[in-house]
Amino acid sequence: MEKLKIQIGNLEFQNPVMTASGTFGFGLEYEDFFDVQKLGAIIVKGTTGEKREGNPAPRMCETPMGMINAVGLQNKGVDYFCENTYHQIKHYKTNVIVNVSGSSIEEYVKVAEKINELEHIPAIELNISCPNVKKGGMGFGTDTKMAFEVVDSVRKIYKKHLIVKLSPNVTSIAEIAKAVESAGADSVSMINTVLGMAIDAEKRKPLLSTITAGLSGPAIKPIGLRCVYQTSKAIKIPIIGLGGITNATDAIEYILAGASAIQIGTQNFVNPSVGLEVIEGMKEYLDRHNISHIWDIRGII
Amino acid sequence: MKHCDNFVVSEKKFLNSTFFKLKLKAKENLPLIKAGQFVEVQVNSDSKVLLRRPISINDVDSQTNEISLIIQTVGQGTKELAKINEGEEINLVYPLGNGFNIEGENPLLVGGGVGIAPLLYLAKNFHAKGIKPKVLLGFRSQEQMIDLKEYEKYADVYISTQDGSVGSKGLVTENEIFTQSYDTIYTCGPTPMMRAISDYSLKNNIKCYASLENKMACGIGACLCCVQNTTEGHKCTCTEGPVFNVKDIIW
């Protein structure tokens, strides 16, 4: 699989296929379906400074070729992760990356500092783009100054690979990407969910407890591709592309648009072994087109 | 151990105007399946419907390696599922959820609408232990009823309809069967019905388990979309349920 092997910053990946935070649990949930260590990376559920219960139900509704979720970063907190979950997944022979979230710069810094101490976590994905939390979250990712400040603060204390996950809910995602690049991010991942809404006309009520929430799934792939394309022309650090990938063809499209690697999100709910199928499908594509390495077609559009 | 496999539709039958039953044959031996567990059905890979549909298991035949499902056509996904033909394949992620524990010597099983589905396999499990449970099934009217011969094999069946067209008239909780005493109550159906059963059992100090039908995406505890509020905070209906002790549920 040399054709798929990549390096982003100081991090090596056996292939460019990762699973998106919040869609793959901690990897453990999918062990029955395939050997999750075959993935390039597993990005585990968003972790915050304290335990969070998340938003009230209903938290999910389906829309045409997509779903809207309002989970709101339900998690057991960074200390629980470090003391418990970490020990269940630290043996994985692939990159285990922790998605770090918060409501304040101090919280992001506190979580990043604690994760920095974990030997088998080679990177964090700083989530400045969650649309489902009242304070912080997407607020940091929709303003260039705030995005710079939070990444700058985390960069000062976090010594390993720093990925920053960006929101599409902005006028110019490239401007935000430039800000986090100048603050010292090693790479960016995009896109987080698109802010959306769903209404039950008969009941005349919103379908989600938070009224507006995050749209994901195939419906948002064109937006993700556009964001990767625009950003790849504006920054030098690598981009990890995501949004609506359901198969290897979708993944290749992201690489063509300028992504160095990809993440699979919502499709994990539909096809629990989609990650493995995308790895095999990407290899088949490269063989069929006689391409010697996946990056030979990166950003050629 | 969870599986993701194709099954062959060995039988498809409409039970009334909106309920249909699928008998699905596994290609290999079925794993052990508990009553109250469910499957996530893929609608159709060409469909515009994205997510799988969580459907409770109505019956299991470990001799023929068949699973039965009763599905009510409600939205786009179940309407597309209703178009599948015998001999075609369908993909399931299964078996999911905690399922019912077979407890008590004198149980009452109460189902409403399509929530009657998992009670057949539950009754069968009690019957195998030498207990013939009482099963109370509630329907809106005779039109919504299905043939209950299978249920009668394993249980004493009682019926309530809201309009009184069959059985006793009124809500299930108004059925005279509640004048008798039970040590355990199991329920699955519309939330107002389960809440009423929950209130009744808490008031009378009877152990009671409810199988919830919260909207779900992954079915395996990854997305945290289907949570139920409980005395211990949000719990995933898919992995920590769908069966909950009613004393833990905050409705």
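A cavity, on a 1 Å grid over the protein atoms alone, is a set of points where a 1.4 Å probe fits but cannot get out. Hold on to that, because a pocket is instead an open set with protein on both sides within 12 Å along at least five of seven lines.

Hello everyone! This is a predicted model, where local features need pLDDT of at least 70, side-chain atom pairs count only at pLDDT 80 or more, and totals for chains, interfaces and linings use all residues. Residues are numbered from 1 along each chain as its sequence is written, chains are lettered from A and ligands numbered from 1 in the order written, and side-chain values use heavy atoms, leaving out hydrogens and water.

So, how many cavities of 30 Å³ or more does a search of the whole structure find? Two. A volume here is the space filled by probe spheres set on the points, with grid points joined across faces, edges and corners. The largest cavity comes to about 470 Å³. It has 34 lining residues, meaning residues with an atom within 4 Å of a point; Ser21(A), Thr23(A), Asn69(A), Asn192(A) and Thr193(A) are the closest to its centre. E4, E6 and E16 of chain A each supply at least two lining residues. Strands (E, at least two residues) and helices (H or I, at least four) are DSSP runs numbered from the N terminus.

Now the second largest pocket, with a volume of about 600 Å³. Among the residues closest to its centre are Phe26(A) and Leu224(B). Which element gives the largest share of its lining? That is H1(A), with four residues.

E4 also belongs to a closed barrel of eight strands in chain A, E3-E4-E7-E8-E9-E10-E15-E16, with parallel pairing. Strands pair if DSSP finds at least two bridges between them; E4(A) and E7(A) have five. Within that pair, Val44(A) is the bridge partner of Val98(A).

Finally, look at helix H5 of chain A, residues 173–182. The buried residues of H5(A) pack against helices H3, H4 and H6 and strands E9 and E10 of chain A, where contact means heavy atoms within 4.5 Å. After H5(A) comes Gly184(A), with a positive phi near 105°.

Key:
Buried < 20%, exposed > 50% of the residue type's maximum accessible area, 1.4 Å probe, protein only.
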